[in-house]
Amino acid sequence: MSGIAVAFWALATLAVVCSLLVITSRNPVASVLFLVVSFFCLAGLFVTLHSHFLAAIQVLVYAGAIMVLFLFVVMLLNLGTPQWFDFAGPPVKIVALVLGVGFVGALVGAGIGDFEPAARGPAAGIAPDLLGSTEAIASALYSAYYLPFLVTALLLLVAMVGAVVLARRER
Amino acid sequence: MSEIGVGHYLTLSAILFTIGVMGVLTRKNAIIVFMSIEIMLNAANLAFVTFAAAIGDLGGQVMVLIVIAVAAAEAAVGLAIIVAMFRHRETVNVESFSTMRG
């Protein structure tokens, strides 16, 4: 097996195991920490796809900022202990398991396992390890995709104002 | 298990997305439901990056950047809503938030 293959199988296994632990662990703090490990694994998988900039952003924004926010709320609301209402009843669990296994089975049966896209995009000439570089993404972001970029900035502003208004104590 | 191709990444993405859906269905703690949604967003991101690398188009990577920004906005507003709900009900059980049920 090549180095990429070893990295893929190790990171993929760890990501799936940690994601399963997120939804099965009784302690919300443990769930948050398993989710951080899962996000680090996905950042590693981005590196195996030559997307170095996105891997860095994944660690900084997801594993850093967003998960700290989650941990902060869990601690703030004093939810670090298992809650009595935590899990749905066995019927819901069985239905969820059957639906989940059926969904993955249907997708694999439909052939995503050996899917190979034939179309080649406008950047097909660029070497794959340069495609995910900061320079390539920046030039795309500030030229072809400038409008979505601006709308995203506006969305972040609105979300910031909304979060402050929602969390403010009424008097 | 020879070469790692697009199919391997897409299968992993499908498995992670399904784990997220199962989390939303089986947990009643609003914060864990939120974390399951983040797992789903990440699975979609993995599919985007896979296709961007496979067909050599930067659009997928730019889209992942935007999804991460939207996820940050969603987490901020969502957690603010959870804090506000907790002030009113003293719980984060999603079944107790049924005021708007028709």
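Chain B has a radius of gyration of 17 Å, whereas a compact globule of 102 residues would have one near 13 Å. The model is predicted. Along the principal axes, the C-alpha atoms of chain B fill a box of roughly 55 × 30 × 25 Å. The chain contains three helices and zero strands. Its elements run α-α-α from the N terminus on. Of the 102 residues in chain B, 56% are buried. Contacts between residues at least 6 apart in sequence were also examined in chain B; 45% of them join residues at least 24 apart.

The contact between the chains draws 78 residues from chain A and 63 residues from chain B. On the side of chain A that touches chain B, two or more residues each come from helices H1 (3–24), H2 (28–48), H3 (52–76), H4 (90–109), H5 (128–131), H6 (134–141) and H7 (146–167) of chain A. The residues on this side of chain A comprise 62 nonpolar, eleven polar and five charged.

Within chain A, the axes of H2(A) and H3(A) come within 8 Å and cross at roughly 175 degrees. Angles over 145 degrees count as roughly antiparallel, so H2(A) is roughly antiparallel to H3(A). Residues that H2(A) brings to this contact include A:Pro28, A:Val32, A:Phe39, A:Phe40 and A:Phe46. Among those in H3(A) are A:His52, A:Gln58, A:Tyr62, A:Met67 and A:Phe70. The contact of H2(A) with H3(A) divides into 20 nonpolar residues, two polar and no charged.

Key:
Residues numbered from 1 in each chain as written. Chains lettered and ligands numbered in written order. Predicted model: local features only at pLDDT ≥ 70, side-chain atom pairs only at ≥ 80, totals over all residues. Contact = placed C-beta atoms within 7 Å. Helix = DSSP H or I, 4+ residues; strand = E, 2+ residues; numbered from the N terminus. Nonpolar A, V, L, I, M, F, W, Y, C, P; charged D, E, K, R; others polar. Axes fitted to C-alpha atoms, helices over the stretch in contact; angles between N-to-C directions. Parallel < 35°, antiparallel > 145°, perpendicular 65-115°, else oblique. Rg over C-alpha atoms; globule rule 2.2 N^0.38 Å. Buried ≥ 20, exposed ≤ 12 C-beta atoms within 10 Å, placed from the backbone.
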